[in-house]
Amino acid sequence: MLKNLPCTMIFEFTEIIKHIFKFNYFPKAWKTAIVVPILKPGKDPTQPENYRQISLLSTLSKLTENFILDKLNEHLAGNKILCSEQFGFRKSLTTTHNFLRVVKYITRGFEKGECTGAVFLDVQKAFDRVWIQGLIHKLIRYKTPPHLLQLLKSYIEERKFAVKIGNSISEAKIMRAGIPQGGKISPVLYSLYVNDIPKTHKTLLGMYADDIAILAKNKNHKYTAAALNQHLAKLDDWFLKWKIVLNVNKTEAVYFAKGRSKHKPIVEIKNQTIT
């Protein structure tokens, strides 16, 4: 779209971006998302939960977000704020790096005759349920420069959404929680929101944005279970504090052992045994 605009329009848009940074204000007209529901394959169309919500944002908004994201990443990297366990949407890091780290942890355990228990946590509607005031609190805690903090607050707060079905669009409603789906800044904001996730010295934590895994290893499966359960208990309290909802039914446990193991660690969260 932008490539087809005349030079005068490009210059005007450049001036708008300059003023956004000058006044630390994100335009309200760019803060309304158009949500298009797409039916999941083979699902009942009469059930609302069977639709995937696709959020469409302003092209100009997404372009401007690139400049804001550069400033935010500069602050996070310069002050080494994001924890080393977070591999999502960070320069020079990919899912492969996280995967190799987990494989190394498991194989080193095998070399010592240890078996590894892993729990893969499923966070329910992660981006949609971010507590906005809690996120702003964390931006302040991590000493975000005042001008950038003001701009990010303007970007996050008072966002709206409208639902489009066919040629019909609903009335716009205010978002009471969550960060924009499809937003350029959203993955980094989410990483910052979960940056203080509890850790323990007996477990390995790995994250890729909202995907979380914890691992523990020992020759005795009971010690492995104890380490995982202690960490899960801490996580449960932390999830409650920051209004993060875990989907226990989609959370899974895997036991890595050489040969068939008669005994597997029993891990639980919210008094439910993880499959």
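Is Lys138 buried or exposed, judged by relative accessibility? In this predicted model, Lys138 has a relative accessibility of 0% and therefore counts as buried, the cut-off being under 20%. The side chain of Lys138 meets that of Asp196 in a salt bridge, with an N to O distance of 2.8 Å. Lys138 belongs to helix α4 (residues 132–141), whereas Asp196 lies in the loop between α6 (186–193) and β7 (204–208), so this contact ties together parts that are 58 residues apart in sequence. Asp196 is partly exposed, at 23% relative accessibility.

Asp196 also forms a salt bridge with the side chain of Arg141, at 3.1 Å from N to O. Arg141 is in helix α4 and Asp196 in the loop between α6 and β7, so the pair joins parts 55 residues apart in sequence. Arg141 has a relative accessible area of 38% and is partly exposed.

The structure holds 5 salt bridges. Another one of these is formed by Lys270 and Asp236, whose closest N and O atoms are 2.9 Å apart. This pair links distant parts of the chain, 34 residues apart: Lys270 is in the loop between β10 (268–269) and β11 (272–273), and Asp236 is in helix α7 (residues 221–241). Lys270 counts as partly exposed, with 42% relative accessibility.

Strand β3 (residues 115–121) has 6 of its 7 residues buried, so the strand is largely enclosed by the rest of the structure. β3 runs antiparallel to strand β8 (residues 211–218), to which 7 bridges join it. Within this pairing, Leu121 has Ile212 of β8 as its bridge partner. β3 also pairs with strand β9 (residues 252–256), again in the antiparallel sense, over 5 bridges. Here Val119 stands opposite Ala253 of β9.

A search of the whole structure for cavities of 30 Å³ or more finds 1. The volume of the largest cavity is about 50 Å³. Its lining includes Val123, Gln124, Lys125 and Ala126, together with Arg129 and Val130. Tyr190, Tyr193, Lys243, Ile244 and Val245 also line the largest cavity.

Leu5 is located in the segment before α1 (7–23). The relative accessible area of Leu5 is 31%, so this residue is partly exposed.

How values were computed
Residues are numbered from 1 along each chain as its sequence is written. This is a predicted model: local features need pLDDT of at least 70, side-chain atom pairs count only at pLDDT 80 or more; totals for chains, interfaces and linings use all residues. Side-chain values use heavy atoms; hydrogens and water are left out. Helices (H or I, at least four residues) and strands (E, at least two) are DSSP runs, numbered from the N terminus. Buried means under 20% relative accessible area, exposed over 50%, partly exposed in between (1.4 Å probe, protein chains only). Two strands pair if DSSP finds at least two bridges between them. On a 1 Å grid over the protein atoms alone, a cavity is a set of points where a 1.4 Å probe fits but cannot get out, and a pocket is an open set with protein on both sides within 12 Å along at least five of seven lines; lining residues have an atom within 4 Å of a point. Grid points are joined across faces, edges and corners, and a volume is the space filled by probe spheres set on the points. A salt bridge is a side-chain nitrogen of Lys or Arg within 4 Å of a carboxyl oxygen of Asp or Glu.
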